[in-house]
Each structure stands twice: as C-alpha cells, then as structure tokens.
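This briefing covers pockets and a helix contact. Please look over the sequence and structure below before reading the points.

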Amino acid sequence: MREEAAGLRAGVAVATSNFPPVEWDRLLAVRPSLQRNIVKPRGWLRYPYPFLYGQIDPALFPVADWRECSRKALSVLDVRDWTQDLIDGDDPLLIEQIRTRLLPRRGVMADESEIMVTLGAQQALSLLAELLVGRDTEVGIENPGYPDARNIFSIKTSRLRLLTVDEHGLMPGEAFANCAVVYLTPGHQCPTTAVMPLDRREALLAGAQRTGAVLIEDDYESEIPSGSDTARALKSFDNGERVVYVGSLSKILAPGLRLGYIVGSPALIREARALRRLMVRHPPTNNQRAAALFLSLGHYDALVRRLGKALKERSEIAAHALARHLPDFDVRGAGRGSSFWVTCPRQTDTRVLSEMAREQGVLIEPGEIFFGDARPPRNFLRLAFASIGTERIEPGIKTLAAAARSYENGAPQ
C-alpha cells in the first residue's frame, strides 16, 4: 500500500513538473501587503520602554474580573445561548448593554435594529467600505489620519480625497466637495488628539445634509475619560441617519478580544448583517457573552475609572518628562486619551530616530505613516503611554532624548 502511494505521488510529480508555476502576482486582484501600514515589533513586551499605541500594559487588565465573567459565561443557561449558531445575529445581552450603558454616555439613542457587533472597529470599517464604496466613489479621509482606514477604503476606490486637519480636527470647508463618504474621528482625532468643537460638528453635519454625504464617525477612544473628550458624539446630533457610528471595546478591555460595533439606520444594519454572515456569520458568541457580563456586573465601569486615573497620571508624567528632556519637541494631546502627537525639529527624520531609539530599548511610532501624501512629512511621531509602566515613563523619555541628541549630532546638515 505504501509503495502504491509513493508511486502515485511520483507520478503526480512527473505529470505536473511540465506546468509553469502559478503567477500569483498576476492573479491577485489586490495586494494589501504592499500598502503602507503601522508596524509594531513582535515581542514588544520585551522592550523596557514600549511607547506603543493600541497595546495594553498587562498590569492594567482586570484578570480576576474577566475570569469571573468567563466562568459565568460557561453556566448551563449561558452555554445554551452562545453555543447556538446565531447566523447573522448577535448576543442580545451584549446588544442591550451597548444600547443602554455605552451609547447613552455619548448622547446616542438607538434600538436593537440599529446596532451590530463586529470583530473590532476594523471589521466595521471594512463592512462599511464594502457597502458604501464603489470603484468611482469619492471618499474623504483625514490627513493625517488613521492608516488602516485609508488602506481599507483605497482597496475599494482610487478616489481618496485627503482632507485637512487643524488644531480642532477635520476642517469642514473642503470636506464635502464631491465626497459621497467622509471618514472622521471628531471625538479624538487620530493621530493629533484634537477634539472637535460643537460649532464645527454642526457645520460638518450641515454640509453632509446639503451634499448627501455619509459621515463615518470612528469614536475610537470614546470611553477613556479625558476632560472634553467626553462630549457628545457627532452621531448624537444626527436627526437624518447621515452619521454611521463605529465604536470599539478593544481600547478599554484588550485589543486581542476584537469586539466593536456599528450604529446606523436599520436599513444599513440589515445589509451589514447580511454581508457579515457571508464573511464570519458573527463574532464568537462566547466572547460576546463574557463582555456582556463584564458590562452588566459593573466591572467595565470600574475599569474605566481605574484606567482613566492611570492614564491621567501617566500623561502628566510623560508631559513633564518631555518638557524636561525634549524641550524642542512640540507636544499635543496632554490630558487627552492615551497618546501624544509630537512635532520634532524640522530636520528630524523620525524613521531614523525610531531605529536609533529601538537600539536603546525605546519603541516609538514615526508619524509619516499617518499622512496620505506622496511625500509625507517626516518630523512627527506618536508617543503612547498605555502600554508602559508608570515608573518607566521618565527613564524611557530620557533615553529617547539621548537618542535624539545622537541623531542631531550625526544628522546631515
């Protein structure tokens, strides 16, 4: 039997050896791997000073509370709920918690037909791109802005319009010239941390209503308590179903849980559910139920308070350290969210600086990835502090300052 199998394999190898190899470069309709993406080092926890955005300091994760909710999700009654194939549905307990506990904090009122759970905010954006963007659709996107959103929309259309951001977020004047869809982060602009004032939000909504544009509001750090960032979401001012709201639980809980949600008109959510069914049917319902219990038992509220306190302390320490050790760097975002947007001296190339800093154990994010320009500016960086222990912030910034001095001494004039 073994000899027959070996002979069969040999025969197949001889038969196929005359065919040319598959030309995958020619066959692939899209090449996402060629896009410019944020890159984070694998094993970043091994670095002593990881100033990385979107990662979590393991010391901040409520292990005991999450374990309790995971155990409760394994009760007989809960297991009967989440082991079923919901087809295009979601855990009703999680939908209820989003509807009654999370959205009202942002001034958003919605019923069950207007909410759908996703595998993080990125799947939400991908679904919306599939549903709203065609080959000739013009999409407006903030510049600088979220690179993954830019890449998601660019797979669907080549007509991306880069929209100017100032100290108050997206500027409304040019936002709706021919744009059918506009993606924006008004509550906490990515990456500059700007918070959009009320009058500008009203102007953006009025512009969208005049032109018929759809606004995709990514409220990605909405739950992090930071002063004026707790203002009402743009969606809360929308009376005409013009705004589609994208939220995430990943920034508070943990990025690896991959839970987000879309809030929009029932007609849109109906199509989003049908499309999601073709992709993944629905996010794992055991994780949905554990998250729902985490919310309903008050653990989420306690985590928000604890995380807010920790981030406020880390923000103050980082701001003081940057002022002390890097006085020539202009820092934006103190007291808001979990990161700073830093403008370095004009001659600084933060790609080079980040490599020099990495050799000293400091991880930072060069800012050029956030720009969609053909020749993006190179003297910006994002410095986050949720992923690094409080006691390591000042030593890390001091080490970064030493790398910056080395760069200045060796940089070509």
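Helix α12 gives the most to the lining of the second largest pocket, with 4 residues. The model is predicted: local features need pLDDT of at least 70, side-chain atom pairs count only at pLDDT 80 or more, and totals for chains, interfaces and linings use all residues. Residues are numbered from 1 along each chain as its sequence is written, and side-chain values use heavy atoms, with hydrogens and water left out.

**Second largest pocket**
- The volume of this pocket (the space filled by probe spheres set on grid points joined across faces, edges and corners) is about 340 Å³.
- Among its 17 lining residues, Val39, Ser354, Ile364, Glu365 and Pro366 are the closest to the centre.
- A pocket is an open set of points on a 1 Å grid over the protein atoms alone, where a 1.4 Å probe fits, with protein on both sides within 12 Å along at least five of seven lines; lining residues have an atom within 4 Å of a point.
- Two or more lining residues come from each of α12 (350–359), β12 (362–363) and β13 (365–366).
- Helices (H or I, at least four residues) and strands (E, at least two) are DSSP runs, numbered from the N terminus.

**Largest pocket**
- About 620 Å³ of space lies in the largest pocket.
- Its lining has 24 residues, with Lys40, Gln55, Gln122, Tyr146 and Asp148 nearest the centre.
- Helix α6 (residues 120–132) supplies the largest share of this lining, 3 residues.
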